[in-house]
Amino acid sequence: MNYNRHIEGIIDCFKATTKKINVDQPKGDVFNQILDYVSRPARSQAPITPRILLIGPYGSGRRTQASALAKKYDIVNVSTSSLIKEAIANETVLGLAIKPHFQRRSAIPDSLIVPLLIERLGKLDCISRGWVLHGFPRNRDQAEVLERNGFAPNRVFFMDIPPDSIMERVTLRYLDPITGERYHMLFNPPPTQEIRDRLTQKANDNEANIRTRINVFYNNVRHMIDYYENIGIHVNADQDPNTVFESIESGIVNPIPKSYEENS
């Protein structure tokens with residue numbers, strides 16, 4: 001009696017992973033059905049073709065998380081800055097047009113960035129495997145352009161981190177020009193004084209420049225939060241990278257929360 005009273009509620013709790021099996025048959029057949037079910041790969045709620053967008057300020061760890069996602073899910077890591085550098089190095093038509101802006105460290109017009117990005121997202125590997133994009137869009141107008149061209153994301157993560165934490169991350173990181181190894185004076189200091197003495201820092205990683213970039217980001221991001229309100233998920237990026245990755249992964253493999261769906 002207790003079984004019959006409670007079984008429907010138990011099944012409802014585990015409906016996503018439940019399979020009913022008729023046990024009124026030989027034990028071997030029952031066993032084989034159970035073994036077949038538990039041997040199958042787990043069903044995922046993740047999009048069949050992930051189109052993931054990471055939005056966060058400079059120093060929030062977007063590049064690190066994009067790399068980890070691309071490696072685990074075999075999707076294409078689309079970095080706007082990498083596309084720009086590749087186009088310039090390959091001396092493509094767009095690369096030659098972008099180069100003067102890049103050398104002056106001035107803003108690159110959308111009329112040059114958008115075609116470069118659309119071309120990459122339209123390639124077969126992105127279409128068939130999916131992608132994780134970071135570095136674009138940086139404002140609502142760019143987000144709308146992305147959607148108009150048929151490349152709307154199906155998962156958007158806002159990587160939230162306080163400005164003080166960004167300053168601590170960015171202004172204390174250095175590069176070993178000989179080995180290419182990256183160090184952080186607080187979290188990953190160089191092992192020897194010899195290495196410390198030869199470290200260099202990016203010219204842009206100074207406090208004044210970082211604060212300017214942070215202000216620009218927060219002035220624009222509120223409009224993107226509104227634009228992606230139905231699929232946007234906020235992640236605390238002021239944590240260990242592995243913890244941040246777990247939070248992002250949870251948002252990928254689980255359905256969009258009902259609170260988002262109800263507003264869509």
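Start by selecting Y218. At 32% relative accessibility, Y218 is partly exposed (buried is under 20% relative accessible area, exposed over 50%, partly exposed in between; 1.4 Å probe, protein chains only). The model is predicted, so local features need pLDDT of at least 70 and side-chain atom pairs pLDDT 80 or more, while totals for chains, interfaces and linings use all residues. Residues are numbered from 1 along each chain as its sequence is written, and side-chain values use heavy atoms, without hydrogens or water.

**Aromatic pairs**

Keep Y218 and look for ring partners. The whole structure holds two aromatic pairs. In one, F217 and Y218 have ring centres 5.1 Å apart and planes at 80°, so they sit edge-to-face (centres within 6.5 Å make a pair; planes under 30 degrees apart are stacked, over 60 edge-to-face, the rest tilted). F217 is buried, at 15% relative accessible area.

Next, select Y227 and Y228. Their ring centres are also 5.1 Å apart with planes at 80°, so this pair too is edge-to-face. Y227 is partly exposed at 21%. Y228 is buried at 4%.

**Around Y228**

Stay on Y228. It lies in the loop between α11 (207–227) and β7 (232–236) (helices are DSSP runs of H or I with at least four residues, strands runs of E with at least two, numbered from the N terminus). Which residues does Y228 touch beyond its neighbours within four places in sequence? Show L53, I55, P137, A143, L146, P153, V156 and F158 (contact means heavy atoms within 4.5 Å).

A cis peptide bond joins F136 and P137, with omega about 0°. P137 is in the loop between β3 (131–134) and α8.

**Along α11**

Stop at V221. There α11 bends by about 30° (the angle between axes fitted to the seven residues ending there and the seven starting there).

Colour I210, I214, F217, V221 and M224: these α11 residues are buried. Which elements do the buried residues of α11 pack against? Show β1 (51–55), α8 (140–148), β4 (155–160) and α9 (163–171).

Then pick R213 and Y58. R213 lies over the face of the Y58 ring, 3.8 Å from its centre (NZ of Lys or CZ of Arg within 6 Å of the centre and within 35 degrees of the ring normal).

**Positive phi and an exposed aspartate**

Go to D74. It sits in the loop between α3 (62–73) and β2 (76–79). D74 is partly exposed at 47%.

Move to E91, in the loop between α4 (80–89) and α5 (93–104). E91 is not a glycine, yet its phi is positive, about 55°. E91 is exposed at 55%.

Then select D197 in helix α10 (residues 193–198). D197 is exposed at 57%. Its C-alpha lies 9.5 Å from that of D176, 21 residues apart along the chain.

**Zoom out**

Show everything. The protein has 13 helices and seven strands. Of its 264 residues, 34% count as buried. Among contacts between residues at least 6 apart in sequence, 68% join residues at least 24 apart.

Note on methods. Phe/Tyr/Trp six-rings, centres within 6.5 Å; stacked < 30°, edge-to-face > 60°.
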